[in-house]
Amino acid sequence: MNDEDSRAQCSRAGCRVAASWVIRWRNPRIHSADRWKSWAACDDHREYLREFLAARSFPLDVTPLNQAASGP
Ligand SMILES: [Zn+2]
């Protein structure tokens with residue numbers, strides 16, 4: 001029973017589209033090295049969110065949400 005995995009919604013404010021991507025990131029100033037945050041992103045906002053984090057030089061990792069699931 002993990003709602004976050006089965007029906008993730010885009011993390012962009014105001015966007016309610018089902019997410020297709022997971023962006024894992026951390027803020028080196030406030031997070032310890034093993035503490036990562038996760039944002040879900042739809043196709044439209046993946047680049048927006050990635051650039052938001054990249055502009056702050058945060059380490060980040062983008063992976064397809066469905067890579068472990070079946071279906072289109
Ligand atoms: Zn979105």
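Which side chains meet in a salt bridge at 3.1 Å, N to O? They belong to Glu47 and Arg50. A salt bridge here is a side-chain nitrogen of Lys or Arg within 4 Å of a carboxyl oxygen of Asp or Glu. Before going on, note that this is a predicted model: local features need pLDDT of at least 70 and side-chain atom pairs count only at pLDDT 80 or more, while totals for chains, interfaces and linings use all residues. Residues are numbered from 1 along each chain as its sequence is written, and side-chain values use heavy atoms, leaving out hydrogens and water.

Back to that pair. Glu47 and Arg50 sit three residues apart in helix α2, so about one helical turn separates them. (Helices are DSSP runs of H or I with at least four residues, strands are runs of E with at least two, and both are numbered from the N terminus.) Glu47 also meets Arg46 in a salt bridge of 3.9 Å, N to O. Shared partners join Arg46, Glu47 and Arg50 into one network.

The structure holds three salt bridges, and another one of them pairs Arg24 with Asp61 at 3.7 Å, N to O. Arg24 lies in strand β1 and Asp61 in strand β3, so this pair ties together parts that are 37 residues apart in sequence.

Now for the metal. Cys10 (SG), Cys15 (SG), Cys42 (SG) and His45 (ND1) coordinate the zinc ion at 2.0 to 2.3 Å; donors are N, O and S atoms within 2.8 Å of the metal (3.2 Å for Na, K and Ca). Along the chain, these donors follow the spacing C-x4-C-x26-C-x2-H.
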